[in-house]
Amino acid sequence: MGILEKIGEIEREISRTQKNKATEYHLGLLKAKLAKYRAQLLEPSKSAGAKGEGFDVMKSGDARVALIGFPSVGKSTFLSLMTATASEAASYEFTTLTCIPGVIEYNGANIQLLDLPGIIEGASQGKGRGRQVIAVARTADVVIMMLDATKGDVQRKLLEKELESVGIRLNRSKPNIYFKPKKGGGLSYNSMVPLTMCSEKLVQLILHEYKIFNAEVLFREDSTPDDFIDVIVGNRVYMPCLYVYNKVDQISIEEVDRLAHEPHSVVISCGMKLNLDFLLERLWEYLALICLYTKKRGERPDFSDAIIMRRGASVEHVCHRIHRTLASQFKYALVWVS
């Protein structure tokens, strides 16, 4: 039985099993096996040929945004509107077959926008160059999930499932669980909060599935078995995602209002160029970028040339950005916040 068949069998078993106290250990074990097989599926084949043309895009600018969606939802039109890059757009599916980069200039920052080929259901298993598309998405700072507003929430759920299965966690923070394998001494298990979804026995079963018999585990928050499996695997990517519903000019005003009030969602129309400025504002918030301006003593700040940094950056980070030797000679700084 191949890996795909094993994954399908486990998924069917999970869907058939009722979730209650009596089956939590069985479900936890199935989820651990499923995560292990999916990790094997994502490993590059030794006999694989050359990389797909157009997917090796060098990272540039102050941030990178990946544009993901099903075919013919308006990704190429959006790239052409927001950047100076012309991406081929047509009424048929799979117009874009490679990764096409563009640059959004906003608030003095250069934001690299990647127009990825449309992915289809089963992309996480390699269908339709899905693995290459998702591999590029893992390197982004923010994902824009372009959705067809006329299809409701169907596309959103399918895409979330595909990204979830390859270890991309959208709009979630990393579980606050300390995990460290040891050479001996058995399992050291502790929790700082009452756990309602995990137990020591379940943790032990999951670790045994990964052939781990000696480890330190400390739960600092109430977490699910899936969270604990993510910590063990260690290759999960946690990134913000904006759900962008395109073609809102083709649906009712009530449906537009409903979609606009969904969490992390923005409604736009590329055809009529509606709400694109608000989308840029939201994208700036999700990228968590700030503009810094330098000034000489006795002179006004130079607002024409900003230094773009991540929110939470220190003065030392700014020094390294200006010149690598500046931090060692630096004495003090005066900072104004507006």
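Trainee: Does asparagine 275 count as buried, partly exposed or exposed, and at what relative accessibility?

Mentor: Please bear in mind that this is a predicted model. Buried means under 20% relative accessible area and exposed means over 50%, with partly exposed in between. Asparagine 275 has 30% relative accessibility, and therefore counts as partly exposed.

Trainee: Where is asparagine 275 placed, and what is its phi?

Mentor: Most residues other than glycine have a negative phi. Asparagine 275 is not a glycine, yet its phi is positive, at about 65 degrees. The residue lies in the loop between β11 and α9.

Trainee: What is the phi of lysine 273, and where is that residue found?

Mentor: Lysine 273, also not a glycine, has a positive phi of about 55 degrees. It is found in the loop that runs between β11 (265-267) and α9 (276-287). Lysine 273 counts as exposed because its relative accessibility is 58%.

Trainee: How is the length of a helix checked, taking α5 as the case?

Mentor: The expected span is 1.5 Å times one less than the number of residues. Helix α5 covers residues 154-165, which is 12 residues, so it should span 16 Å; its end C-alpha atoms are 17 Å apart, in agreement with that expectation.

Trainee: Which residues of α5 are buried?

Mentor: In an α-helix there are 3.6 residues a turn, so residues three or four places apart point the same way. Within α5, the buried residues are Gln155, Arg156, Leu159, Glu162, Leu163 and Ser165. Just after α5 comes glycine 167, with a positive phi of about 90 degrees.

Trainee: What is the volume of the largest pocket, and which residues lie nearest its centre?

Mentor: The volume of the largest pocket is about 1,100 Å³. Its lining comprises 27 residues, and those nearest the centre are Tyr293, Thr294, Leu334, Val335 and Trp336.

Trainee: Which element gives the most to that lining?

Mentor: Helix α10 gives the most, with four residues. Both β12 (289-292) and α10 (315-322) supply at least two residues each.

Trainee: Which residues make the nonpolar surface patch, and what is its area?

Mentor: Val315, Phe330, Val335 and Val337 make this patch of about 390 Å². Val335 is also among the residues nearest the centre of the largest pocket. Phenylalanine 330 belongs to the segment after α11 (326-329), and it counts as partly exposed because its relative accessibility is 35%.

Terms used
Residues are numbered from 1 along each chain as its sequence is written. This is a predicted model: local features need pLDDT of at least 70, side-chain atom pairs count only at pLDDT 80 or more; totals for chains, interfaces and linings use all residues. Side-chain values use heavy atoms; hydrogens and water are left out. Patches are made of residues with over 30% relative accessible area and no salt bridge: like charges are joined within 9 Å, nonpolar side chains (Val, Leu, Ile, Met, Phe, Trp, Tyr) within 5 Å. Accessible areas come from the Shrake-Rupley method with a 1.4 Å probe; for residues, only the protein chains shown count as cover. A salt bridge is a side-chain nitrogen of Lys or Arg within 4 Å of a carboxyl oxygen of Asp or Glu. Buried means under 20% relative accessible area, exposed over 50%, partly exposed in between (1.4 Å probe, protein chains only). On a 1 Å grid over the protein atoms alone, a cavity is a set of points where a 1.4 Å probe fits but cannot get out, and a pocket is an open set with protein on both sides within 12 Å along at least five of seven lines; lining residues have an atom within 4 Å of a point. Grid points are joined across faces, edges and corners, and a volume is the space filled by probe spheres set on the points.
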